[in-house]
Amino acid sequence: MVSRETSPRWILLIRSLIFSLGMILATTIVAPLVVLSFPLPFRTRYRIAQQWSRFNIWWLRVTCNIRYVVSGEEHIPDSPVVIMAKHQSTWETLFLNAYLPPLSWVIKRELVWVPFFGWAMALLKPIAIDRKSASVAVKQILQQGKVHLDQGIWVLIFPEGTRTAPGQKKRYGLGGSRLAVHSGYPILPIAHNAGEYWPRRSFMKHPGTIHLCFGPLIQSRGKEAQALNREVEQWIESTVAELSPHLYRTTLSP
């Protein structure tokens with residue numbers, strides 16, 4: 001399922017620069033709008049923020065020729081869920097914000113201190129955790145996450161905590177599975193290969209088609225958090241390996 005295209009480096013650089021300029025311009029326009037919309041209902045503020053994500057996904061296709069295909073849409077429910085997704089790139093943060101119903105993100109609290117961008121993010125009901133204290137962070141996820149889910153707001157958690165390079169994985173934290181068990185809501189797992197086209201810590205974007213897959217809902221009732229976490233991890237990692245088999249040949253070999 002590899003569909004990465006090749007282009008001269010100087011072309012990639014120019015395209016990436018044009019995209020970044022457009023993204024910065026959109027941020028300077030939309031972030032203040034979200035801040036100024038603070039008296040409005042949450043869902044109205046969120047719809048404004050979604051336009052920023054949708055613009056950037058479109059602008060990425062126009063400037064860098066990065067497209068996407070989605071499978072497993074039939075698994076997306078009409079009711080709130082805990083989302084646990086692979087985290088390889090900035091792309092999935094934009095896409096999931098634009099594609100799914102209103103989400104509450106689990107983020108590090110330092111982000112909400114960034115002028116305008118962070119202030120706008122703070123108005124979108126994130127779960128801003130203190131990453132210096134694991135016990136405090138888990139309590140924040142369980143308490144605030146349950147409140148959001150009961151209010152009809154989905155909760156998105158990247159279980160690895162930070163972006164990982166394609167072909168690699170980090171330890172899956174228990175925050176998402178513990179929230180699912182604590183709240184009784186199911187988990188919607190998500191796998192993709194966006195890191196091959198918009199790599200982490202890289203300015204360069206590479207043309208091609210990102211594949212994103214929504215998995216079947218994984219029920220949480222009657223399960224222990226660790227067992228549930230292993231179930232989610234197995235589905236995500238095996239699906240990512242199918243999306244990027246050239247990076248997992250060693251891992252998948254007998």
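## The sheet

Seven strands form an open sheet with mixed pairing, in the order β1-β7-β6-β2-β5-β3-β4. Strands are DSSP runs of E of at least two residues, helices are runs of H or I of at least four, and both are numbered from the N terminus. Two strands count as paired if DSSP finds at least two bridges between them. β1 (66-71) and β4 (127-129) stand at the edges with a single partner strand each, so one side of each has no neighbour in the sheet. From one strand to the next, the twist averages 25°.

This is a predicted model, in which local features need pLDDT of at least 70 and side-chain atom pairs count only at pLDDT 80 or more, while totals for chains, interfaces and linings use all residues. Residues are numbered from 1 along each chain as its sequence is written, and side-chain values use heavy atoms, with hydrogens and water left out.

## Strand β2 and its partners

Strands of a sheet pair through backbone hydrogen bonds, either parallel or antiparallel. Strand β2 (residues 82-85) runs parallel to strand β5 (residues 154-157), and three bridges join them. Ile83 has Leu156 as its bridge partner in β5, and Met84 stands opposite Ile157 of that strand. β2 also pairs with β6 in the parallel sense, over four bridges. Here Val82 has Ile187 of β6 as its bridge partner.

Val82 and Met84 point one way from β2, whereas Ile83 and Ala85 point the other way. All four are buried, that is, under 20% relative accessible area with a 1.4 Å probe and protein chains only; over 50% is exposed, and values in between are partly exposed.

## A glycine in β7

Gly208 lies in strand β7. Gly208 is buried, with a relative accessible area of 0%. Between Gly208 and Ile66 there are 142 residues of separation in sequence, but the C-alpha to C-alpha distance is 5.1 Å.

## Helices α2 and α3

Two packed helices are described by the angle between their axes and the distance between the axes. The axes are lines fitted to C-alpha atoms, for helices over the stretch in contact, and angles run from 0 to 180 degrees between N-to-C directions. The axes of α2 and helix α3 (residues 91-99) come within 8 Å and cross at roughly 130°. That makes α2 oblique to α3; angles under 35 degrees count as roughly parallel, over 145 as roughly antiparallel, 65 to 115 as roughly perpendicular and the rest as oblique.

Contact means heavy atoms within 4.5 Å. In α2, the residues that meet α3 include Tyr46, Trp52, Ile57 and Leu60; among those on the α3 side are Trp91, Leu94 and Phe95. Seven of the nine residues of α3 are buried, including Glu92, Leu96 and Asn97.

## Helices α6 and α7

Helix α6 (residues 175-183) packs with α7 at an angle of about 125°, and their axes are 8 Å apart. That makes α6 oblique to α7. Ser177, Arg178, Ala180 and Val181 of α6 make the contact with Ala225, Leu228 and Asn229 of α7. These residues divide into four nonpolar, two polar and one charged. In this division Ala, Val, Leu, Ile, Met, Phe, Trp, Tyr, Cys and Pro are nonpolar, Asp, Glu, Lys and Arg are charged, and the others, Gly among them, are polar.
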